[in-house]
Amino acid sequence: MRKTKPLNHFNKDAPPSKNVERLISSYSESLFQVTDKINRNGKGIVFIVDANNQFIGTLTDGDIRRAMLSRCPLETEAKHLLDKESDVFSKILGSFGRTTARKLQKASISASIDTSIDELMGLVDERVKIIPLLNKKKNVVDYFEYESSFYAPVASPFMMGNELSYIVECIETNWISSQGRFIEQFEEQFAYFCGAQYGIAVSSGTTALHLALIGLGVGEGDEVILPDLTFAATINAILHAKATPVLVDVEADSWCIDPNCIARAITPNTKAIIPVHLYGQPANMTEVCRIAKESGLFIIEDCAEALGAMINGRRVGGLGHVGCFSFFGNKIITTGEGGMCITSDLTLYEKMRCLRDHGMSKQKKYWHEVVGYNYRMTNLQAAIGVAQLEKIDDLLKRRNEIKAFYHRCLRTLPLPLLEKQSLLEGRVPVTWLVSFLLDVDVDRDLLIQKASEKGVDIRPFFYPLSDMPLYQTYCPYYTLIAHDLSRKGINLPTSLGLSNFEYRKIVDILIKLLPDVAYSPTEFKAAGNLAILSL
């Protein structure tokens with residue numbers, strides 16, 4: 001009987017991901033350099049490779065301690081600890097008893113990237129918990145880590161760049177509050193990335209939306225059109241501005257606000273539109289901008305989930321009057337909490353900046369010209385943001401790799417039981433969370449429950465805002481498509497901190513669970529079994 005293999009759809013010949021690189025050291029690196037890498041990766045281990053990047057052995061923090069206790073200089077090259085014929089290795093053996101010597105003389109364990117989960121589990125013992133996975137060229141491309149409990153969060157922060165060094169700089173220079181070099185740097189670089197002239201860093205994505213509304217003069221008596229399928233922060237910001245939200249339906253293909261519904265909802269009181277670029281997909285901004293221009297309306301883009309997405313070669317956020325972003329811990333880049341408004345209108349920029357800073361005059365300290373807000377971001381947060389933005393291309397690329405992996409693994413399942421997000425002409429989405437639609441023949445809530453029991457955090461789509469009593473009065477009609485998407489949608493784990501192997505495990509769990517939660521499972525179960533065997 002053929003064993004089920006782990007799902008190997010990542011490029012096996014590609015260089016290791018950033019997550020794996022932090023566990024790799026060259027054989028010519030010193031004990032000091034290896035110790036530093038072990039300290040940074042937090043795994044207590046490094047994989048040593050030669051000049052051709054071929055794996056030659058594993059060193060642990062215990063190996064380093066034994067070398068130091070044997071009075072090996074910190075300048076000693078790592079390769080000598082793995083060379084059983086070297087004087088260094090003999091010196092270490094002579095410093096310890098027979099039991100330790102026998103352990104040291106054992107060969108380092110590795111496995112092929114094609115090794116099944118069951119076979120890898122057979123290699124694990126009380127000494128070996130992390131196993132390098134090699135391609136045919138003997139390069140380390142991934143690793144297997146045994147943990148008694150497995151947990152794959154739907155999203156999590158990923159900070160492997162200059163975040164720590166920049167935060168240390170803030171602390172050492174005492175610039176930890178709402179002033180410091182990182183705030184201005186973050187604002188300028190972020191606006192430039194998005195194709196806008198100015199950036200205003202704020203305390204959250206919600207305050208960014210509120211600041212944009214107030215800056216544009218939206219208030220009591222004004223109506224603001226927004227999609228029914230979005231997170232509640234969008235509508236809450238409108239209510240905080242004392243304006244009236246008008247909820248409309250979304251498009252079936254993009255899942256974003258439907259321009260036709262916008263046009264039907266416009267009244268003499270309409271002042272603004274907030275298109276939400278949902279789950280990484282850009283809204284139809286060509287039509288939204290046309291409608292807004294014809295009707296004299298403001299556009300505030302809610303880009304919280306779509307940093308880097310493009311429409312006709314232009315990034316979202318710079319297409320309307322103001323673009324608003326969130327840097328919450330689950331977003332594409334994070335500052336823990338935080339947000340940003342971007343615009344190319346100098347007058348609007350200066351007004352929003354004044355409102356953000358208590359309404360204080362820029363020319364006259366402690367002189368307040370308007371009733372403002374304390375919506376400022378700290379220099380500490382901005383320092384993290386600058387470090388995150390430095391690697392934005394790598395972050396977006398890795399997210400797209402994760403999405404492509406899910407799509408390849410699940411493509412053999414019978415459609416329409418599992419549908420992926422549409423690719424639309426002129427629009428280039430980004431991957432915030434990998435999103436799928438389940439057919440009505442699948443019990444979505446049961447799938448989420450059973451996946452959670454296996455340690456896989458799957459999230460449903462947002463509820464339509466109009467379903468909540470708090471917001472029902474703001475929806476003039478039943479939003480059929482928003483409700484349909486909300487019932488069917490799931491978001492799969494898209495955490496950059498997970499290894500390729502862990503993603504293979506997630507898909508393995510998902511394929512095995514889907515037949516068990518289908519209302520008519522016979523055909524689906526056969527297809528699911530075929531999918532597992534063919535991977």
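Colleague: How many bridges join strand 18 to strand 20?
Modeller: 4 bridges join strand 18 to strand 20 (residues 489-492), and the two run antiparallel. Strands pair here if DSSP finds at least two bridges between them. Helices (H or I, at least four residues) and strands (E, at least two) are DSSP runs, numbered from the N terminus.

Colleague: And what are the ground rules for the model?
Modeller: It's a predicted model, where local features need pLDDT of at least 70 and side-chain atom pairs count only at pLDDT 80 or more, while totals for chains, interfaces and linings use all residues. Residues are numbered from 1 along each chain as its sequence is written, and side-chain values use heavy atoms, with hydrogens and water left out.

Colleague: Back to the strands. Which residue stands opposite leucine 437 in strand 20?
Modeller: That's glycine 489. Strand 18 also pairs with strand 16 (residues 418-420), antiparallel over 3 bridges. There, lysine 420 has phenylalanine 436 of strand 18 as its bridge partner.

Colleague: How many residues of strand 18 are buried?
Modeller: 5 of its 5 residues, so strand 18 (residues 434-438) is mostly covered. Buried means under 20% relative accessible area, exposed means over 50%, and partly exposed is in between (1.4 Å probe, protein chains only).

Colleague: Which residues point one way from strand 18, and which the other?
Modeller: Val434, Phe436 and Leu438 go one way, Ser435 and Leu437 go the other, and all are buried. In a regular strand, side chains alternate between the two faces of the sheet.

Colleague: How do strand 5 and strand 6 run?
Modeller: Antiparallel, with 5 bridges joining strand 5 (residues 130-134) to strand 6.

Colleague: Where do helix 16 and helix 19 come in, I mean how do their axes cross?
Modeller: The axes of helix 16 (residues 392-410) and helix 19 (residues 500-513) come within 11 Å and cross at roughly 35°. The crossing is right-handed, where right-handed means the near helix is turned clockwise from the far one by less than a right angle, and left-handed means anticlockwise.

Colleague: Which residues make the contact?
Modeller: Helix 16 brings Arg398, Ile402, Phe405, Tyr406, Cys409 and Leu410, while helix 19 brings Asn500, Tyr503, Arg504, Ile506, Val507, Leu510 and Ile511. By class, that's 10 nonpolar, 1 polar and 2 charged residues. Ala, Val, Leu, Ile, Met, Phe, Trp, Tyr, Cys and Pro count as nonpolar, Asp, Glu, Lys and Arg as charged, and the others, Gly among them, as polar.

Colleague: How many residues has the largest nonpolar core?
Modeller: 130, and Phe186, Phe190 and Ile333 have the most contacts inside it. Helix 16 gives the most to this core, with 8 residues. A second, separate core has 13 residues, including Val34, Val46, Ala78 and Leu81. A nonpolar core is a set of buried Ala, Val, Leu, Ile, Met, Phe, Trp, Tyr and Cys residues joined through side-chain atoms within 4.5 Å.

Colleague: What is phenylalanine 190 in contact with?
Modeller: Leaving aside neighbours within four places in sequence, phenylalanine 190 meets Leu307, Phe325, Phe327, Ile333, Met340, Ile342 and Leu389.

How values were computed: Axes fitted to C-alpha atoms, helices over the stretch in contact; angles between N-to-C directions. Contact = heavy atoms within 4.5 Å.
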